[in-house]
Amino acid sequence: MSAADAYAGLRAFADELARCGVREACTSPGSRSTPLVLSLAREPRIRATSHLDERCGGFFALGLAKASGLPVALACTSGTAAANYVPAVFEAHEARVPLLVLTADRPPELRDVGAGQTIDQVKLYGSAAKWYLEVDDQPATPDRVRWLRRLACRAVWTALEGRPGPVHLNFALREPLVLDAPLGDEPPELRGRAGGRPWVTRPRAAAGAGAAAEPLLDGLVTELAERPRAVLVAGRAERDPRLGPALAALAERASVPLLADPLSGARRGPAAVAHYDALLRDPGWASAHAPDLVLRFGDLPTSKPLRSWLAGLDDALQVVVDPEAAWQDPDGAVATIAPADPRTLAEALTGRVRRRGRDRGWMEGWRRADRAAAAAIGAALTPHGLSEPRVAAELGVRLPRAATLVVASSMPVRDVETFFPVRDDPPRVLSNRGANGIDGTVSTAFGVAAAARGPVVLLTGDVALAHDVGGLLAARRLGLGLTVVLLDNDGGGIFNFLPVAREGADFEEHVATPHGLDFAHAAALYGCAFEDATSPEALRAALDRALEAPATTILRVRTEREANRALHEEVWAAVGARPSMPTR
Ligand SMILES: Cc1ncc(C[n+]2csc(CCOP(=O)(O)OP(=O)(O)O)c2C)c(N)n1
Ligand SMILES: [Mg+2]
């Protein structure tokens, strides 16, 4: 078979991806993947960015797909190259992000015979791939090309539809892998449908709080009316940026406290409670504020006190609204998993619930406590200058509405949850919380930066930065701008909060993992600007400069792990010590 057959088929495949709305592809170098990579790169409606490390490429694609909501194609060569996509594919599966993973492979006659760069790629991503298909190498007959067009459509719609996630197509490609002469124009019998339409469309079912959701809606309206102590809990929901405002409107309308993780986009409006994590650490306060109804949208927030409080609410009715009715209930506390489009349902509920006048004390009690907690936290943090919590709080206040904040796992995501204020116009906040990995953090943020309109800021720890330091190459090779706010406590500061911290030298060496890296050298290597910030004022000024700059800047804030743990304890104690306010 000639290379022209492979290229003619893959040209149609890439054309069809573009017709289905794919706009981004992330390629990685190699020989076997040449037809795949060049076909994507030559499709004019697709922007192909190049990533020399597939692990970085995978996470970059994940960031792009999260920020844009569109499936992103990945293409790499055979062997361990494809295995390097594993962490991003698993994160995409858990976080429900659409990816099209296109791997090149040896044809069957070169598998399991000691041929170079060959591993078993069949179902390489296991249950993390929503759909797997082996794509063989065939002459580009009209039938074959139509099949490739249908395949592209099916891959895109499968990644997007139902529970979004990664799709894996494994392409067996034979030599020659390069064309002798450029492909001519596409002959009419191989072209796609007229008018630029996809070969197969699969219109989404009308998003749903429709007819099927009527009983659900009626039930929720009744429960909200009959249960005076309701709370709304909002966790990570990155897919629909309009969900956060809709939840805030519902909470305000129903006069129900809204416990919203910033990853929900709902920490806004008069019903939002910012400091639930600190408040619920006080067992007396937590039990005095036990609700009789919990209505949750999005994932479970990260906050451990919130999770244990929810887990122990034996008398409350707990309802989760999930677009794919996913089972997100590790503590077995949920009574109803409602399959509905969250925003449609929230908007419909807002139109139906009555403002509940008789239980003002409930809402007011939460509000007063939140205000008191904010004051206690402010007073506790101020004398310490620029601390890790202070950085999270400053970003919460300073970042413009048009900005996107990407938050690393470990303490950054927790500090953002604990210290971000309520704002009318919060920035968008994204985080890889599907599998809670600290891997791929930098690359994800660059992927977000490639898709976002406004400035993008990454808040990360030093271990997460060291883990994906190669992701900084995107600053240089792709010329992308990102502000990296680095909380450098020389190790995994989160582990100082755990009992393992008592284990002395073994803890330091094997768990905390101090590395002594001076990230100024990383900045120099990858051509990024670098600044140290040592006071809140300096951080603000540096942040302003970095947000204006077209290039990537690393702003380092040096902290101390043990002092950071002590400061968190001090803050929690200060919140617990505020005057108690009965709510009944
Ligand atoms: C890929 C991966 N490996 C290991 C872990 C376990 N882990 C959780 S937090 C953490 C340390 C993170 O340190 P850093 O990024 O400096 O943040 P800090 O804890 O200091 O806030 C590690 C290793 C993980 N979540 N993901
Ligand atoms: Mg650290």
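Residues are numbered from 1 along each chain as its sequence is written, while chains are lettered from A and ligands numbered from 1 in the order in which they are written. Because the model is predicted, local features need pLDDT of at least 70 and side-chain atom pairs count only at pLDDT 80 or more, whereas totals for chains, interfaces and linings use all residues; side-chain values use heavy atoms, with hydrogens and water left out.

The magnesium ion (ligand 2) is held by D462 (OD), N489 (OD1) and G491 (O), at 2.0 to 2.2 Å. Donors here are N, O and S atoms within 2.8 Å of the metal (3.2 Å for Na, K and Ca), and since water is not among the atoms, sites may look incomplete. Along the sequence, the donor residues follow the spacing D-x26-N-x1-G. D462 belongs to helix α17 (residues 462-467) and G491 to the loop between β16 (483-488) and α19 (504-512), so this pair ties together parts that are 29 residues apart in sequence. Helices (H or I, at least four residues) and strands (E, at least two) are DSSP runs, numbered from the N terminus. Both D462 and G491 are buried, where buried means under 20% relative accessible area, exposed over 50%, and partly exposed in between (1.4 Å probe, protein chains only).

The loop that holds G491 also contains D490. D490 has a positive phi of about 50 degrees although it is not a glycine, and it is partly exposed, at 28% relative accessible area. For context, most residues other than glycine have a negative phi, and most peptide bonds are trans. N436, in the loop between β14 (428-431) and α16 (441-451), likewise has a positive phi, of about 60 degrees, without being a glycine; N436 is partly exposed, with a relative accessible area of 41%. The peptide bond from E175 to P176 is cis, with omega near 0 degrees, and P176 sits in the loop between β6 (166-172) and α7 (214-226).

Next come the helices. Two packed helices are described by the angle between their axes and the distance between the axes. The axes of α8 (residues 243-254) and α12 (residues 342-352) come within 9 Å and cross at roughly 25 degrees; axes are lines fitted to C-alpha atoms, for helices over the stretch in contact, and angles run from 0 to 180 degrees between N-to-C directions. That makes α8 roughly parallel to α12 (angles under 35 degrees count as roughly parallel, over 145 as roughly antiparallel, 65 to 115 as roughly perpendicular and the rest as oblique). Residues of α8 that meet α12 include L243, L247 and L250, and their partners' helix contributes residues including P342, A346 and L349. For α13 (residues 360-381) and α22 (residues 561-576), the angle is about 145 degrees, with the axes 8 Å apart. Helix α15 (residues 411-419) has 8 of its 9 residues buried, so it is largely enclosed by the rest of the structure.

Finally, the cysteines. The structure holds 0 disulfides, a disulfide being a pair of cysteine sulfur atoms within 2.5 Å. For C26, the nearest cysteine sulfur is that of C56, 11 Å away, and C26 is buried at 1% relative accessibility. The sulfur of C76 is 12 Å from the closest cysteine sulfur, in C26, which is too far for a bond; C76 is also buried, at 0%.

Conventions:
Contact = heavy atoms within 4.5 Å.
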